[in-house]
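Here is a short briefing for a reader meeting this chain for the first time. Please look over the sequence and the 3D view before reading on.

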Amino acid sequence: GCGLFAEFGGEVVQRPCNAIKELIENSIDAASDSITVSVEDGGLKLLQIADTGHGIRKEDLSIVCERFTTSKLKTFSDLKSINTHGFRGEALASISHVSYVTIQTKTAFDKCAWTAHYKDGKLHPKKPGASADPKPCAGNVGTTISALDLFYNMSTRKRAMNGRDEFNKIAHVLTCYAVHNTGVAFSLKKIGDNMPKLRTTSSATQLDTISNLYGPAVGKELLPFSCDDKNFGFKSRGYLSNANYSGKNFRFLLFINNRLVE
């Protein structure tokens with residue numbers, strides 16, 4: 001079927017969960033060990049991700065939301081050995097064309113954090129007539145990205161979305177990445193709620209995380225498997241439920257080269 005969506009250079013942001021997937025992968029590539037996602041109205045009013053990664057340099061803030069801007073390629077030869085989730089530099093550009101983006105970031109080498117606002121891929125002043133340049137602020141090492149009023153310029157699409165459904169889709173994406181990425185703590189909360197809807201720890205094993213998110217009845221009935229084919233350069237590993245498991249819901253999580261495949 002056809003539908004309205006934002007597409008820039010092949011990157012599609014059809015729903016809040018698409019945006020959060022791209023941002024989570026950026027956070028993981030930045031070596032974050034903690035990722036917190038906060039949402040309001042299923043991410044339509046506010047979609048925010050805060051990480052503990054290495055941050056964005058101040059001199060890069062002017063171009064970070066432009067198309068094809070990436071920190072994951074240093075030389076042309078890097079294309080032959082890509083081990084990051086992405087490298088095209090289009091996620092933030094796409095999101096900035098369908099929302100008002102704010103980035104607060106600090107590297108280990110900065111004396112302070114910096115905050116900047118974006119619209120349509122470019123730096124944008126917070127208030128009319130003000131400077132669009134990044135401003136110094138207090139903050140910890142890492143990056144917080146906020147997308148406000150997602151699809152503000154696509155009213156037909158926005159009206160077709162339900163905040164509760166979109167939140168559930170975001171929760172599914174976070175659940176998948178939490179299971180796959182041991183060593184990273186994940187948290188998901190609704191703005192205004194005291195307790196997160198989802199929380200994992202960086203010290204938990206993969207089985208611990210599965211039991212936490214899907215319940216101990218699932219975790220205790222899983223069998224590990226692995227396959228390694230050197231001829232094809234192929235490796236796989238995972239868990240399968242054993243014959244004792246009789247749950248009604250079928251759950252299939254698939255990651256290829258560390259990217260979630262639906």
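This is a predicted model: local features need pLDDT of at least 70, side-chain atom pairs count only at pLDDT 80 or more; totals for chains, interfaces and linings use all residues.

Residues are numbered from 1 along each chain as its sequence is written, and side-chain values use heavy atoms, with hydrogens and water left out.

**The chain as a whole**

- The chain holds six helices and 15 strands. Both are DSSP runs numbered from the N terminus: helices are H or I with at least four residues, strands are E with at least two.
- Of the 262 residues in the chain, 39% are buried. Buried means under 20% relative accessible area, exposed means over 50%, and partly exposed lies in between (1.4 Å probe, protein chains only).
- Among contacts in the chain with a separation of 6 or more, 61% join residues 24 or more positions apart. A contact means heavy atoms within 4.5 Å.

**Helix α4**

- Helix α4 covers residues 163–180, and its 18 residues should span 26 Å at 1.5 Å a residue. The expected span is 1.5 Å times one less than the number of residues. The end C-alpha atoms of α4 are 26 Å apart, which agrees.
- α4 is mostly covered, with 13 of its 18 residues buried.
- Asn162 caps the N-terminal end of α4. A side-chain oxygen of Asn162 lies 2.9 Å from the backbone nitrogen of Arg164.

**α4 with α1**

- Helix α1 (residues 16–29) packs against α4 at an angle of about 25 degrees, with the axes 9 Å apart. Axes are lines fitted to C-alpha atoms, for helices over the stretch in contact, and angles run from 0 to 180 degrees between N-to-C directions.
- That angle makes α1 roughly parallel to α4. Angles under 35 degrees count as roughly parallel, over 145 as roughly antiparallel, 65 to 115 as roughly perpendicular and the rest as oblique.
- On the α1 side, the contact includes Pro16, Ile20, Ile24 and Ile28. On the α4 side, Glu166, Ile170, Val173 and Tyr177 are among the residues involved.

**α4 with α5**

- Helix α5 (residues 206–214) and α4 pack at an angle of about 160 degrees, with their axes 8 Å apart. That makes α4 roughly antiparallel to α5.
- Thr175, Ala178, Val179 and His180 in α4 meet Gln206, Thr209, Ile210, Leu213 and Tyr214 in α5.
- Thr175 lies in helix α4 and counts as buried at 12% relative accessibility. Leaving aside neighbours within four places in sequence, Thr175 is in contact with Leu198, Leu213 and Tyr214.

**Residues in loops**

- Most residues other than glycine have a negative phi.
- Asp149 is not a glycine, yet has a positive phi of about 60 degrees. Asp149 sits in the loop between β9 (142–148) and α3 (155–159). At 29% relative accessibility, Asp149 counts as partly exposed.
- Asn257 is not a glycine either, and has a positive phi of about 50 degrees. Its loop runs between β14 (255–256) and β15 (259–260). Asn257 is exposed, with a relative accessible area of 68%.
- Glu90 is placed in the loop between β4 (46–51) and α2 (91–96). At 4% relative accessibility, Glu90 counts as buried. Glu90 and Val64 are 26 residues apart in sequence and 9.5 Å apart in space, C-alpha to C-alpha.

Notes:
A polar contact is a pair of N or O atoms within 3.5 Å; within protein, one must be able to donate a hydrogen and the other to accept it, and residues adjacent in sequence count only if both atoms are side-chain atoms.
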